[in-house]
Amino acid sequence: MSGTPILPAGSGPAEAQDILEPTAVHRPGHNPSSDTGPAPGPLAEARQAPAPAPPPEPLVFSIGAIAGLSPRRERGDRGEVPGADVDLIDGLDRPTWNVVAGWLQHSTSVSTRQTRLQVLAAFLRWLRTLTPPVALLEVTEDHLIAYRDAAATGALTVGVRKPGKALGPATVAKQRHNLSSFYGYARRRKVIAYNPAADVDAPPVSTEGSTRPFTPVQHRHMRAGVAKLAATGQLAQAAAIALLDDVGGRVGLLAGLTVGDIRTVTESDGSRHTVLRFRNKGGKYAQLPIPDADTIAMLQQLRQGKPADDLLFTREDGWPIDRWWVTAALKAAAAAGQMPTEEGEKAHPHRIRATVITELLDGGAPPEEVQQAVQHKSISTTFRYKGRNKRLSGHVLYRGTRDTEATGDG
């Protein structure tokens with residue numbers, strides 16, 4: 001699926017040709033050859049550039065055909081995103097659909113595409129509750145401010161899992177970031193004149209993150225469970241959880257890994273390292289060492305006899321894994337390792353990432369190196385994980401009180 005821009009079929013005056021199609025994607029059921037456009041006047045004909053070449057054959061007729069966005073209609077049908085979200089976008093008018101499809105396709109990360117679709121579909125549902133409803137490409141800065149405030153105060157009744165419940169600052173900030181990305185893309189492709197989200201401030205995010213890491217005891221339960229999964233033939237599930245726990249990666253990096261992304265490299269000093277090569281959140285390739293020998297052994301066993309371009313992790317039916325598969329694998333590891341039931345049922349993959357970052361920082365690793373390892377864009381995000389397992393009983397403020405009580409000084 002190419003992202004090469006194309007001119008609208010049958011464009012008229014040369015000035016109109018400055019408006020580019022977002023990408024080589026077409027509205028479902030659209031016949032490009034039927035767009036003849038308005039007849040140009042005499043002056044326009046005199047300045048008209050040579051007619052553009054016919055557009056390529058349609059590459060995408062539904063956003064559900066974009067990698068990572070196959071619609072989920074029923075449980076177990078291998079869909080990756082809610083079918084209702086795909087239908088909502090596919091129901092847009094052709095110009096708007098082209099922009100959305102181009103923006104979704106522009107991202108090289110499957111997890112980013114899925115997040116973009118989720119955020120945009122929720123925003124579109126909210127726009128349709130307004131009186132009168134507002135079109136996606138007619139949104140103003142005031143609309144985005146109203147949406148931000150509604151999300152932060154619990155006034156949203158559509159597009160959220162729990163209507164009436166306020167969304168956290170980090171979630172609202174994520175919404176603002178993705179909507180700004182969409183409108184920035186539309187402006188860059190000259191579909192709209194300006195980005196209405198450019199000057200909309202995101203809410204302040206707490207310096208302390210909300211995702212609790214596993215305690216040291218819970219972490220040991222999880223690792224013991226990983227070993228039991230591997231011993232009972234659930235090798236893919238065990239290796240996936242072990243790999244996340246080794247590198248502190250985002251759950252999305254697992255889905256697209258190939259057999260060839262696990263490799264051995266030799267450095268100039270002769271040292272050999274097993275490394276993970278993956279595409280990060282920004283779409284660039286990164287490389288991290290895998291420190292645990294047991295994890296490496298599981299991965300090597302999983303790779304055995306497979307071509308380099310085969311997916312490393314797949315479901316039993318051979319289809320790619322997703323975050324729900326990883327979550328189920330983590331809960332299975334928690335249960336196998338006899339983690340307390342209540343904690344095991346709450347387990348989700350981001351807690352692994354929070355645990356790795358917290359343990360590295362509390363162990364004295366330089367924050368800048370941790371930031372680079374876990375692919376945080378900002379060092380402030382890394383610092384949000386510092387000291388999450390520390391107890392208040394060890395707080396520095398208690399030292400003065402104890403010293404005073406010991407000496408009897410007032």
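1. Lys 346 is partly exposed, at 43% relative accessible area. This is a predicted model. The side chain of Lys 346 meets that of Glu 342 in a salt bridge, with 3.5 Å from N to O. Glu 342 counts as exposed, since its relative accessibility is 54% and the cut-off is over 50%. Both residues belong to helix 11 (residues 341-346). They are 4 residues apart there, so about one helical turn separates them.

2. The structure holds 11 salt bridges. One of them joins the side chains of Asp 245 and Arg 223, at 2.8 Å from N to O. Asp 245 is buried, with a relative accessible area of 10%. Arg 223 counts as partly exposed, at 22% relative accessibility.

3. Glu 343 pairs with Arg 351 in another salt bridge. Their closest N and O atoms are 3.2 Å apart. Are these two residues buried or exposed? Both Glu 343 and Arg 351 are buried. Elsewhere, Arg 223, Asp 245, Asp 246 and Asp 292 form one network, joined by salt bridges that share partners.

4. Thr 258 lies in the loop between helix 8 and strand 3 (262-266). Thr 258 counts as buried because its relative accessibility is 19%, and buried means under 20%. A polar atom of the Thr 258 side chain is 3.4 Å from the backbone oxygen of Ala 308. Leaving out residues up to four places away in sequence, Thr 258 touches Ala 308, Asp 309, Asp 310, Leu 311 and Leu 312.

5. Helix 4 gives the most, with 5 residues. By class, the lining has 17 nonpolar, 13 polar and 11 charged residues.

6. Rolling a probe the size of a water molecule over the atoms shows where empty space is left. A search of the whole structure finds 2 cavities of 30 Å³ or more. The largest cavity holds about 70 Å³. Its lining consists of Leu 144, Tyr 147, Arg 148, Val 172, Gln 175, Arg 176, Leu 179, Ala 197 and Val 200. Helix 5 (141-153) and helix 6 (169-188) are the elements that give two or more residues to this lining. Helix 6 gives the most, with 4 residues. The lining of the largest cavity divides by class into 6 nonpolar, 1 polar and 2 charged residues.

7. The second largest cavity holds about 40 Å³ of space. Which residues line the second largest cavity? They are Arg 78, Glu 80, Arg 315, Trp 319, Pro 320, Ile 321 and Asp 322. By class, 3 of these lining residues are nonpolar and 4 are charged, with no polar residue.

How values were computed. Residues numbered from 1 in each chain as written. Predicted model: local features only at pLDDT ≥ 70, side-chain atom pairs only at ≥ 80, totals over all residues. Heavy atoms only, no water. Salt bridge = Lys/Arg side-chain N within 4 Å of Asp/Glu carboxyl O. Buried < 20%, exposed > 50% of the residue type's maximum accessible area, 1.4 Å probe, protein only. Polar contact = N/O pair within 3.5 Å; in protein donor to acceptor, adjacent residues only side chain to side chain. Contact = heavy atoms within 4.5 Å. Nonpolar A, V, L, I, M, F, W, Y, C, P; charged D, E, K, R; others polar. 1 Å grid on protein atoms, 1.4 Å probe; cavity = no way out; pocket = protein on both sides within 12 Å on 5 of 7 lines; lining within 4 Å. Points joined across faces, edges and corners; volume = space filled by probe spheres on them.
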